[in-house]
Amino acid sequence: MAYRRIPVSALRVGMHVARVDRSWLWSPLLFRSFRIKTARQIEKLRRYGIKEVDIDPARGLDILEKTGSPAAIGGLADRPPHPDGDPSPLETLVRDLTRAREARQRLEHSIKSTFSTIAATGTVEPDEARRITIEVVSVTQTLPKSALLMAFSHERDEDPLLSQHALAVCGLSMILAHAADLDLLMQQDVVTGALLHDIGLLQLPQDVRRRCNETSGPLSIRQQQLYRSHPRLAAMALQRQGSFPPAVCQMVADHHALVDNTGFPAETHGAFTSNLTRLMMVADRYDELLTGFGGASPLTPHQALQRLYEEGLAGRYDAKYVTLFVTSLGIYPVYSSVKLNTGERAIVAVINSRKLHQPIITITHDPDGTPYPVSLVIDLANQDERAPIRTIANIIGCDLRSIDILAQAS
């Protein structure tokens, strides 16, 4: 019997998956074909953005056979049953986030050590940069992008050595590189450029570096002049070493050369920047907006995406990569806490790539603010017409501690 193409929502325990609609390199499972044994496997496929799969009826159940009561994710329902001990959607979010936090801690330690050496010696060790690059690429291939985004871009302490910003831009750049279907060598160049793009700041006076991390107000004229020299200083450091690819050197030198030629240093021209540079610039700008780097007020993820989109429309950043970035992260990023038109509170669990304003959510609180005894899952793009139609009224923010508590109670 031939393979049968079905949506992921129709997958059931007992079916045999023969193919998925994207490269196996980016799928959450290592096998090229496998039998669905638990609901957890289906959830992982869904969360990795896989929309359709080919099943092999000769090796497992067919779509027409009775496969048990499906988990109700199209309309309002209790969390999917998991007789094999599979976690709830909320527990899955927390588990993935925990793994991403652990990966962040390991990578931060390595990057801090590397940046301390650069600050002390003014030189960059290519082998060390290559080792960190490979580790970042490996981590981003094995964890969901939503968990990486939240772990790398939130809950960060003040860090004058810039290691947290560098790691965040590495992770965000890899998310965008995946979405742009860059090959592995280009991905490695993107991560290396993202890792080293701000090392010129390590050569500036400490008071300037400290002010870049503060949000009390804009930099002074003197501080601005020194700050604007950091791309040139970083590029010179790489050129002195002489072992970095030209693509990486160009990313480091031009990462503030805005497309409309309003960036800096003065000798750079945004119209001539490379695609890898433009990609990394979008990731860098998003993290700056989140953290208030350079003296601005920090924005929420939703606000940062809106600002970035506006700047893309205005021609400051490459609109192609801005659009791809917004599409990849979603208008309401995963882990966002939102309020519904019903007054209920929910957490965004999965992005609908074709309907960004209608993600899959986990409803956690009733309109009075009382937690539901059992969290509820609903796909806003595919609701049961018999139930009240729910929409997102506004975004509350992102309280990761609340997510932890809710998952432990569910």
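A: Two strands pair if DSSP finds at least two bridges between them, and the strands (E, at least two residues) and helices (H or I, at least four) are themselves DSSP runs, numbered from the N terminus. The model is a predicted one, in which local features need pLDDT of at least 70 and side-chain atom pairs count only at pLDDT 80 or more, while totals for chains, interfaces and linings use all residues. Residues are numbered from 1 along each chain as its sequence is written, and side-chain values use heavy atoms, with hydrogens and water left out.

The part to look at is strand S8, which covers residues 360-365 and is mostly covered, since 6 of its 6 residues are buried (buried is under 20% relative accessible area, exposed over 50%, and partly exposed in between, with a 1.4 Å probe and protein chains only). S8 is joined by 5 bridges to strand S7, residues 345-350, and the two run antiparallel; here Val350 has Ile360 of S8 as its bridge partner. Another 5 bridges join S8 to strand S9, residues 371-379, again in an antiparallel arrangement, and in this pairing Thr362 stands opposite Val377 of S9. S8 and S9 make up a hairpin with 5 residues between them, and in the turn Gly369 has a positive phi of about 90°.

Of its 410 residues, 55% count as buried. Among contacts (heavy atoms within 4.5 Å) with a separation of 6 or more, 66% are between residues 24 or more positions apart.

Elsewhere there is an open sheet of 4 strands, paired antiparallel in the order S1-S4-S2-S3. Its edge strands are S1 (4-7) and S3 (34-35), each of which pairs on one side only. S1 is joined by 4 bridges to strand S4, residues 52-55, which runs antiparallel to S1, and Arg4 finds its bridge partner in Ile55 of S4.

Turning to the helices, H5 and H11 touch through a set of residues in which His165, Ala168, Val169, Leu172, Ser173, Leu176 and Ala177 of H5 meet Leu279, Met280, Val282, Ala283, Asp284, Tyr286, Asp287 and Glu288 of H11. These residues divide into 10 nonpolar, 2 polar and 3 charged (Ala, Val, Leu, Ile, Met, Phe, Trp, Tyr, Cys and Pro count as nonpolar, Asp, Glu, Lys and Arg as charged, and the others, Gly among them, as polar). Helix H10, residues 246-254, has Val248, Cys249, Met251, Val252 and Asp254 buried, and the buried residues of H10 pack against H11 as well as helix H6 (184-196) and helix H9 (230-241).

The loops beside these helices hold some backbone details. Most residues other than glycine have a negative phi, and most peptide bonds are trans. In the loop between H10 and H11 lies Pro265, which is joined to Phe264 by a cis peptide bond with omega of about -5°. That loop between H10 and H11 also holds Asn261, whose phi is positive, at about 65°, although Asn261 is not a glycine; with 45% relative accessibility, Asn261 counts as partly exposed. Asp181, in the loop between H5 and H6, likewise is not a glycine but has a positive phi, of about 60°, and Asp181 is exposed, with a relative accessible area of 65%.
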